[in-house]
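Let's take a friendly walk through a pocket and a ligand site. Have the model open beside you as you read.

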Amino acid sequence: MKTRITEILGILYPIVLAPMAWITDAELAAAVSEAGGLGTIGPNAGFKTVTTDVQETGERLREQIRKCRELTGRPFAVNFVVGVTGWDRDFSDKCLEVGLEERIPVAIVSQGSPAVYTPLLKKAGIKVIHVCSTVRHALKAEEAGVDAVVVSGTEGGGHSGFDQITTFCLVPQVADAVDIPIIAGGGVTDARGFMGALSLGAEGVYLGTRFIATQECPAHPKVKQAILAAADTSTIAVKHGNPAQTREAARGNRGFVEERRGSVRILLTDYVRQILVERGGSFSYEALRSPGNSDRNVQSNRTVDAFIHGNLESNSITAGQGAGLIKDLPTCRELIERIVGETDRLLKRLNSIFRP
Ligand SMILES: Cc1cc2nc3c(=O)[nH]c(=O)nc-3n(C[C@H](O)[C@H](O)[C@H](O)COP(=O)(O)O)c2cc1C
(Lines give C-alpha, C1' and ligand atoms only; values in the text may rest on other atoms or scores of the structure.)
Protein backbone atom coordinates (compact mmCIF):
# COMPACT_ATOMS: atom_id res chain seq x y z
CA MET A 1 0.00 0.00 0.00
CA LYS A 2 1.38 3.40 -0.91
CA THR A 3 0.29 6.89 0.13
CA ARG A 4 2.30 9.98 1.05
CA ILE A 5 1.94 8.85 4.68
CA THR A 6 3.55 5.43 4.12
CA GLU A 7 6.32 7.16 2.13
CA ILE A 8 7.05 9.91 4.68
CA LEU A 9 6.93 7.57 7.68
CA GLY A 10 8.53 4.53 6.05
CA ILE A 11 5.70 2.16 7.03
CA LEU A 12 3.84 -0.57 5.12
CA TYR A 13 0.25 0.42 5.87
CA PRO A 14 -1.03 3.93 6.66
CA ILE A 15 -2.57 2.83 9.96
CA VAL A 16 -1.46 4.78 13.05
CA LEU A 17 -1.97 3.82 16.69
CA ALA A 18 -3.43 7.02 18.22
CA PRO A 19 -1.73 7.88 21.52
CA MET A 20 -3.72 7.10 24.65
CA ALA A 21 -2.32 8.23 27.98
CA TRP A 22 -1.13 5.36 30.21
CA ILE A 23 -2.13 2.55 27.83
CA THR A 24 -0.20 3.02 24.57
CA ASP A 25 3.06 1.66 25.96
CA ALA A 26 6.22 0.37 24.29
CA GLU A 27 4.81 -3.16 23.81
CA LEU A 28 1.59 -1.98 22.15
CA ALA A 29 3.43 0.57 20.01
CA ALA A 30 6.00 -2.02 18.91
CA ALA A 31 3.25 -4.55 18.09
CA VAL A 32 1.56 -2.04 15.76
CA SER A 33 4.84 -1.06 14.11
CA GLU A 34 5.85 -4.72 13.70
CA ALA A 35 2.52 -5.36 11.96
CA GLY A 36 3.31 -2.65 9.41
CA GLY A 37 1.51 0.35 10.94
CA LEU A 38 2.91 3.16 13.07
CA GLY A 39 2.88 2.53 16.82
CA THR A 40 2.84 5.50 19.19
CA ILE A 41 4.08 5.77 22.76
CA GLY A 42 1.61 7.93 24.70
CA PRO A 43 2.02 10.12 27.80
CA ASN A 44 2.82 8.21 31.02
CA ALA A 45 3.14 5.00 29.03
CA GLY A 46 4.10 1.77 30.72
CA PHE A 47 3.66 2.79 34.35
CA LYS A 48 1.03 1.99 36.95
CA THR A 49 1.64 4.84 39.38
CA VAL A 50 1.45 8.62 39.09
CA THR A 51 4.60 10.69 39.54
CA THR A 52 4.65 14.44 40.10
CA ASP A 53 8.37 14.58 39.39
CA VAL A 54 9.26 16.17 36.04
CA GLN A 55 12.65 14.44 35.90
CA GLU A 56 11.15 11.02 36.61
CA THR A 57 8.47 11.59 33.96
CA GLY A 58 11.23 12.19 31.42
CA GLU A 59 13.19 9.11 32.49
CA ARG A 60 10.07 6.94 32.34
CA LEU A 61 9.59 8.07 28.75
CA ARG A 62 13.25 7.36 27.95
CA GLU A 63 12.80 3.81 29.27
CA GLN A 64 9.75 3.30 27.06
CA ILE A 65 11.48 4.64 23.95
CA ARG A 66 14.45 2.31 24.51
CA LYS A 67 12.15 -0.65 25.17
CA CYS A 68 10.24 0.04 21.94
CA ARG A 69 13.55 0.12 20.03
CA GLU A 70 14.47 -3.27 21.50
CA LEU A 71 11.12 -4.71 20.35
CA THR A 72 11.04 -3.31 16.83
CA GLY A 73 13.43 -2.00 14.24
CA ARG A 74 10.56 -0.25 12.47
CA PRO A 75 9.54 3.41 12.85
CA PHE A 76 7.38 4.44 15.81
CA ALA A 77 6.11 7.74 17.20
CA VAL A 78 6.03 9.49 20.57
CA ASN A 79 3.14 11.75 21.57
CA PHE A 80 3.86 15.17 23.06
CA VAL A 81 0.83 16.89 24.55
CA VAL A 82 1.90 20.54 24.53
CA GLY A 83 1.27 21.82 28.06
CA VAL A 84 -1.04 24.82 28.11
CA THR A 85 -0.32 25.95 31.68
CA GLY A 86 3.14 26.49 33.21
CA TRP A 87 2.96 23.34 35.33
CA ASP A 88 1.92 21.14 32.40
CA ARG A 89 4.48 22.77 30.17
CA ASP A 90 7.37 21.72 32.42
CA PHE A 91 6.33 18.10 31.82
CA SER A 92 5.87 18.43 28.06
CA ASP A 93 9.18 20.35 27.72
CA LYS A 94 10.98 17.59 29.61
CA CYS A 95 9.42 14.87 27.46
CA LEU A 96 10.37 16.77 24.31
CA GLU A 97 13.97 17.07 25.55
CA VAL A 98 14.09 13.27 26.05
CA GLY A 99 12.52 12.65 22.62
CA LEU A 100 15.17 14.84 20.98
CA GLU A 101 18.00 13.16 22.91
CA GLU A 102 16.72 9.71 21.97
CA ARG A 103 16.35 10.77 18.32
CA ILE A 104 12.87 9.33 17.95
CA PRO A 105 11.71 8.80 14.34
CA VAL A 106 8.28 10.50 14.55
CA ALA A 107 6.54 12.97 16.89
CA ILE A 108 2.77 13.26 17.18
CA VAL A 109 2.06 16.61 18.83
CA SER A 110 -1.35 17.41 20.27
CA GLN A 111 -3.36 20.12 22.02
CA GLY A 112 -0.99 23.15 21.95
CA SER A 113 0.20 25.37 19.11
CA PRO A 114 2.24 23.73 16.30
CA ALA A 115 4.65 26.67 16.50
CA VAL A 116 5.93 25.54 19.92
CA TYR A 117 7.79 22.29 19.19
CA THR A 118 7.82 21.92 15.37
CA PRO A 119 11.04 23.91 14.69
CA LEU A 120 13.03 21.96 17.31
CA LEU A 121 11.74 18.60 16.10
CA LYS A 122 12.32 19.38 12.43
CA LYS A 123 15.84 20.64 13.16
CA ALA A 124 16.57 17.26 14.77
CA GLY A 125 15.35 15.44 11.64
CA ILE A 126 12.23 14.09 13.33
CA LYS A 127 9.01 13.75 11.31
CA VAL A 128 6.25 15.88 12.83
CA ILE A 129 2.53 15.16 12.79
CA HIS A 130 0.22 17.68 14.46
CA VAL A 131 -3.25 16.76 15.72
CA CYS A 132 -6.00 19.17 14.59
CA SER A 133 -9.76 19.36 14.97
CA THR A 134 -10.59 22.34 12.70
CA VAL A 135 -9.53 23.66 9.28
CA ARG A 136 -7.96 26.70 10.98
CA HIS A 137 -5.73 24.50 13.16
CA ALA A 138 -4.67 22.42 10.16
CA LEU A 139 -3.69 25.54 8.23
CA LYS A 140 -1.65 26.76 11.21
CA ALA A 141 0.10 23.39 11.43
CA GLU A 142 0.92 23.45 7.72
CA GLU A 143 2.31 26.97 8.08
CA ALA A 144 4.46 25.80 11.01
CA GLY A 145 6.08 23.23 8.69
CA VAL A 146 4.72 19.90 9.96
CA ASP A 147 4.98 16.84 7.69
CA ALA A 148 1.34 15.77 8.08
CA VAL A 149 -1.75 16.51 10.13
CA VAL A 150 -4.01 14.20 12.06
CA VAL A 151 -7.57 15.40 11.56
CA SER A 152 -9.74 13.99 14.27
CA GLY A 153 -13.51 14.29 14.49
CA THR A 154 -15.84 14.45 17.45
CA GLU A 155 -16.61 10.73 17.21
CA GLY A 156 -13.20 10.03 18.72
CA GLY A 157 -12.41 9.09 22.30
CA GLY A 158 -10.74 11.50 24.71
CA HIS A 159 -10.40 15.18 23.77
CA SER A 160 -12.15 15.34 20.44
CA GLY A 161 -12.45 19.03 19.61
CA PHE A 162 -14.48 21.88 21.09
CA ASP A 163 -16.40 22.43 17.86
CA GLN A 164 -17.74 18.91 17.59
CA ILE A 165 -17.14 18.55 13.86
CA THR A 166 -17.63 15.01 12.60
CA THR A 167 -14.84 13.15 10.83
CA PHE A 168 -17.12 12.83 7.80
CA CYS A 169 -17.42 16.62 7.43
CA LEU A 170 -14.05 17.72 8.77
CA VAL A 171 -11.65 15.57 6.74
CA PRO A 172 -12.77 16.73 3.25
CA GLN A 173 -12.79 20.38 4.35
CA VAL A 174 -9.22 20.07 5.61
CA ALA A 175 -8.28 18.16 2.43
CA ASP A 176 -9.55 21.13 0.41
CA ALA A 177 -7.57 23.57 2.54
CA VAL A 178 -4.08 22.05 2.95
CA ASP A 179 -1.49 20.46 0.67
CA ILE A 180 0.21 18.26 3.27
CA PRO A 181 -1.12 14.72 3.79
CA ILE A 182 -3.91 13.98 6.25
CA ILE A 183 -4.34 11.11 8.68
CA ALA A 184 -8.03 10.83 9.61
CA GLY A 185 -9.16 9.82 13.09
CA GLY A 186 -12.27 9.68 15.21
CA GLY A 187 -14.55 6.69 14.75
CA VAL A 188 -12.33 4.60 12.48
CA THR A 189 -12.29 0.97 13.61
CA ASP A 190 -12.37 -1.27 10.53
CA ALA A 191 -11.84 -1.52 6.76
CA ARG A 192 -15.02 0.45 6.09
CA GLY A 193 -13.76 3.38 8.14
CA PHE A 194 -10.33 3.05 6.56
CA MET A 195 -11.69 3.13 3.01
CA GLY A 196 -14.15 5.89 3.94
CA ALA A 197 -11.32 8.03 5.30
CA LEU A 198 -9.26 7.55 2.14
CA SER A 199 -12.32 8.50 0.06
CA LEU A 200 -12.70 11.70 2.08
CA GLY A 201 -9.18 12.77 1.15
CA ALA A 202 -7.05 11.25 3.92
CA GLU A 203 -3.92 9.22 3.23
CA GLY A 204 -3.87 7.35 6.50
CA VAL A 205 -6.00 6.56 9.55
CA TYR A 206 -5.59 7.09 13.29
CA LEU A 207 -7.16 4.50 15.60
CA GLY A 208 -7.45 4.87 19.37
CA THR A 209 -10.50 3.11 20.81
CA ARG A 210 -10.14 0.11 18.45
CA PHE A 211 -6.63 -0.59 19.76
CA ILE A 212 -7.80 -0.64 23.40
CA ALA A 213 -9.59 -3.88 22.56
CA THR A 214 -6.47 -5.77 21.45
CA GLN A 215 -4.46 -8.50 23.13
CA GLU A 216 -1.37 -6.32 23.55
CA CYS A 217 -3.11 -3.29 25.09
CA PRO A 218 -2.29 -3.06 28.81
CA ALA A 219 -5.76 -1.69 29.70
CA HIS A 220 -7.53 -3.72 32.41
CA PRO A 221 -9.79 -6.55 31.10
CA LYS A 222 -12.82 -4.71 32.55
CA VAL A 223 -12.06 -1.71 30.32
CA LYS A 224 -11.83 -3.98 27.28
CA GLN A 225 -15.10 -5.69 28.26
CA ALA A 226 -16.82 -2.31 28.63
CA ILE A 227 -15.80 -1.48 25.06
CA LEU A 228 -16.92 -4.87 23.74
CA ALA A 229 -20.29 -4.36 25.44
CA ALA A 230 -20.77 -0.87 23.98
CA ALA A 231 -23.57 -0.04 21.53
CA ASP A 232 -24.05 2.92 19.18
CA THR A 233 -25.42 5.08 22.02
CA SER A 234 -22.79 4.16 24.61
CA THR A 235 -20.68 7.34 24.63
CA ILE A 236 -21.35 10.96 25.53
CA ALA A 237 -19.29 14.14 25.09
CA VAL A 238 -18.85 16.24 28.23
CA LYS A 239 -17.56 19.76 28.70
CA HIS A 240 -13.97 20.26 29.69
CA GLY A 241 -12.08 23.28 30.95
CA ASN A 242 -8.89 24.15 32.77
CA PRO A 243 -7.66 27.41 34.31
CA ALA A 244 -5.80 28.51 31.16
CA GLN A 245 -8.87 27.89 29.04
CA THR A 246 -11.09 29.78 31.46
CA ARG A 247 -8.61 32.69 31.25
CA GLU A 248 -8.72 32.55 27.45
CA ALA A 249 -12.50 32.49 27.54
CA ALA A 250 -12.48 35.65 29.69
CA ARG A 251 -10.30 37.31 27.00
CA GLY A 252 -12.91 36.41 24.40
CA ASN A 253 -10.78 33.85 22.58
CA ARG A 254 -13.32 32.14 20.33
CA GLY A 255 -11.66 28.76 20.68
CA PHE A 256 -12.47 28.71 24.35
CA VAL A 257 -15.97 30.13 24.43
CA GLU A 258 -19.35 29.05 23.10
CA GLU A 259 -20.29 27.52 26.43
CA ARG A 260 -17.53 24.95 26.21
CA ARG A 261 -19.36 22.41 24.12
CA GLY A 262 -18.82 18.79 24.96
CA SER A 263 -15.25 18.01 24.04
CA VAL A 264 -14.22 14.92 25.99
CA ARG A 265 -15.88 11.72 24.82
CA ILE A 266 -16.41 9.09 27.52
CA LEU A 267 -18.15 5.77 27.87
CA LEU A 268 -21.61 5.98 29.41
CA THR A 269 -21.03 3.55 32.28
CA ASP A 270 -23.19 3.00 35.38
CA TYR A 271 -20.90 5.37 37.29
CA VAL A 272 -21.43 8.15 34.73
CA ARG A 273 -25.20 7.51 34.69
CA GLN A 274 -25.31 7.81 38.47
CA ILE A 275 -23.49 11.19 38.41
CA LEU A 276 -25.73 12.37 35.58
CA VAL A 277 -28.79 11.64 37.69
CA GLU A 278 -27.26 13.28 40.79
CA ARG A 279 -26.37 16.43 38.84
CA GLY A 280 -29.62 16.76 36.97
CA GLY A 281 -28.13 15.75 33.63
CA SER A 282 -25.38 18.36 33.45
CA PHE A 283 -21.76 18.29 34.53
CA SER A 284 -18.23 19.08 33.39
CA TYR A 285 -15.51 16.49 32.90
CA GLU A 286 -13.71 17.79 35.99
CA ALA A 287 -16.76 17.29 38.21
CA LEU A 288 -17.16 13.82 36.83
CA ARG A 289 -13.59 12.73 37.26
CA SER A 290 -13.14 13.82 40.83
CA PRO A 291 -16.21 15.34 42.43
CA GLY A 292 -15.17 18.10 44.81
CA ASN A 293 -11.44 17.80 44.12
CA SER A 294 -9.65 19.56 41.28
CA ASP A 295 -6.14 18.41 42.21
CA ARG A 296 -4.47 17.12 39.02
CA ASN A 297 -2.64 14.33 40.82
CA VAL A 298 -5.92 13.05 42.15
CA GLN A 299 -7.31 13.18 38.62
CA SER A 300 -4.35 11.23 37.21
CA ASN A 301 -4.63 8.64 39.98
CA ARG A 302 -8.25 8.13 39.02
CA THR A 303 -7.30 7.57 35.37
CA VAL A 304 -4.78 4.91 36.41
CA ASP A 305 -7.30 3.43 38.81
CA ALA A 306 -9.76 3.02 35.95
CA PHE A 307 -7.62 2.07 32.96
CA ILE A 308 -4.91 0.02 34.66
CA HIS A 309 -6.55 -1.29 37.85
CA GLY A 310 -10.05 -1.66 36.41
CA ASN A 311 -11.99 0.39 38.96
CA LEU A 312 -14.90 1.48 36.81
CA GLU A 313 -17.27 1.67 39.78
CA SER A 314 -16.06 5.14 40.75
CA ASN A 315 -14.16 6.41 37.68
CA SER A 316 -15.05 7.26 34.11
CA ILE A 317 -13.18 6.05 31.01
CA THR A 318 -12.72 7.81 27.71
CA ALA A 319 -13.66 6.02 24.48
CA GLY A 320 -15.02 6.93 21.05
CA GLN A 321 -18.33 6.27 19.29
CA GLY A 322 -16.61 3.55 17.29
CA ALA A 323 -16.78 1.38 20.44
CA GLY A 324 -20.16 0.15 19.20
CA LEU A 325 -18.39 -1.45 16.22
CA ILE A 326 -15.84 -3.38 18.28
CA LYS A 327 -16.75 -6.99 18.98
CA ASP A 328 -13.52 -8.91 19.53
CA LEU A 329 -10.01 -8.81 21.02
CA PRO A 330 -7.57 -9.52 18.18
CA THR A 331 -3.81 -9.13 18.27
CA CYS A 332 -2.56 -5.93 16.61
CA ARG A 333 -1.28 -7.96 13.67
CA GLU A 334 -4.64 -9.71 13.20
CA LEU A 335 -6.43 -6.36 13.36
CA ILE A 336 -4.18 -4.61 10.85
CA GLU A 337 -4.18 -7.58 8.47
CA ARG A 338 -7.97 -7.74 8.70
CA ILE A 339 -8.36 -4.05 7.89
CA VAL A 340 -5.98 -4.28 4.95
CA GLY A 341 -7.39 -7.64 3.76
CA GLU A 342 -10.99 -6.47 3.74
CA THR A 343 -10.26 -3.45 1.57
CA ASP A 344 -10.21 -5.80 -1.43
CA ARG A 345 -13.73 -7.02 -0.72
CA LEU A 346 -14.91 -3.43 -0.30
CA LEU A 347 -13.27 -2.34 -3.53
CA LYS A 348 -15.08 -5.17 -5.34
CA ARG A 349 -18.36 -4.02 -3.83
CA LEU A 350 -17.75 -0.42 -4.90
CA ASN A 351 -16.69 -1.55 -8.35
CA SER A 352 -19.89 -3.57 -8.70
CA ILE A 353 -21.88 -0.42 -7.91
CA PHE A 354 -20.04 1.78 -10.38
CA ARG A 355 -19.51 -0.86 -13.10
CA PRO A 356 -22.47 -3.26 -12.77
C1 LIG B 1 -8.36 6.33 26.48
C2 LIG B 1 -7.92 7.44 25.59
C3 LIG B 1 -6.81 8.21 25.96
C4 LIG B 1 -6.35 9.22 25.10
N5 LIG B 1 -5.21 9.92 25.45
C6 LIG B 1 -4.67 10.79 24.55
C7 LIG B 1 -3.41 11.39 24.80
O8 LIG B 1 -2.77 11.16 25.82
N9 LIG B 1 -2.90 12.25 23.86
C10 LIG B 1 -3.60 12.55 22.70
O11 LIG B 1 -3.10 13.33 21.88
N12 LIG B 1 -4.81 11.99 22.46
C13 LIG B 1 -5.33 11.12 23.33
N14 LIG B 1 -6.53 10.49 23.03
C15 LIG B 1 -7.17 10.74 21.72
C16 LIG B 1 -6.64 9.71 20.70
O17 LIG B 1 -5.28 9.91 20.45
C18 LIG B 1 -7.40 9.81 19.34
O19 LIG B 1 -7.54 11.14 18.96
C20 LIG B 1 -8.77 9.18 19.38
O21 LIG B 1 -8.76 8.01 20.16
C22 LIG B 1 -9.22 8.83 17.96
O23 LIG B 1 -10.56 8.42 17.93
P24 LIG B 1 -11.06 6.91 18.18
O25 LIG B 1 -10.98 6.71 19.65
O26 LIG B 1 -12.44 6.93 17.67
O27 LIG B 1 -10.16 6.00 17.43
C28 LIG B 1 -7.03 9.49 23.88
C29 LIG B 1 -8.15 8.72 23.53
C30 LIG B 1 -8.58 7.70 24.36
C31 LIG B 1 -9.76 6.87 23.94
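Helix H8 gives the largest share of the lining of the second largest pocket, with 5 residues. H8 spans 191-200, and helix H7 (167-177) joins it in supplying at least two residues of that lining. This is a predicted model, and in it the second largest pocket has a volume of about 270 Å³. There are 14 lining residues, and those closest to the pocket's centre are Thr167, Phe168, Gly187, Val188 and Gly193. Sorted by class, the lining holds 5 nonpolar, 6 polar and 3 charged residues.

Now for the ligand. It has 20 residues around it, and the ones that come nearest are Pro19, Ser110, Gly187, Gly208 and Thr209. How many charged residues does the shell around the ligand have? It has no charged residues, but 9 nonpolar and 11 polar ones.

| Residue | Atom in the protein | Atom in the ligand | Distance |
|---|---|---|---|
| Asn79 | polar side-chain atom | nitrogen | 2.9 Å |
| Ala21 | backbone N or O | nitrogen | 3.1 Å |
| Gly186 | backbone N or O | oxygen | 3.5 Å |

Taken alone, the ligand would expose 600 Å², and the protein buries 91% of that area. Strand S3 (76-81) and strand S9 (204-207) are the elements that give two or more residues to the shell around the ligand.

Notes
Residues are numbered from 1 along each chain as its sequence is written. This is a predicted model: local features need pLDDT of at least 70, side-chain atom pairs count only at pLDDT 80 or more; totals for chains, interfaces and linings use all residues. Side-chain values use heavy atoms; hydrogens and water are left out. A residue is near a molecule or strand if one of its heavy atoms lies within 4 Å of it. A polar contact is a pair of N or O atoms within 3.5 Å; within protein, one must be able to donate a hydrogen and the other to accept it, and residues adjacent in sequence count only if both atoms are side-chain atoms. Accessible areas come from the Shrake-Rupley method with a 1.4 Å probe; for residues, only the protein chains shown count as cover. Helices (H or I, at least four residues) and strands (E, at least two) are DSSP runs, numbered from the N terminus. Ala, Val, Leu, Ile, Met, Phe, Trp, Tyr, Cys and Pro count as nonpolar, Asp, Glu, Lys and Arg as charged, and the others, Gly among them, as polar. On a 1 Å grid over the protein atoms alone, a cavity is a set of points where a 1.4 Å probe fits but cannot get out, and a pocket is an open set with protein on both sides within 12 Å along at least five of seven lines; lining residues have an atom within 4 Å of a point. Grid points are joined across faces, edges and corners, and a volume is the space filled by probe spheres set on the points.
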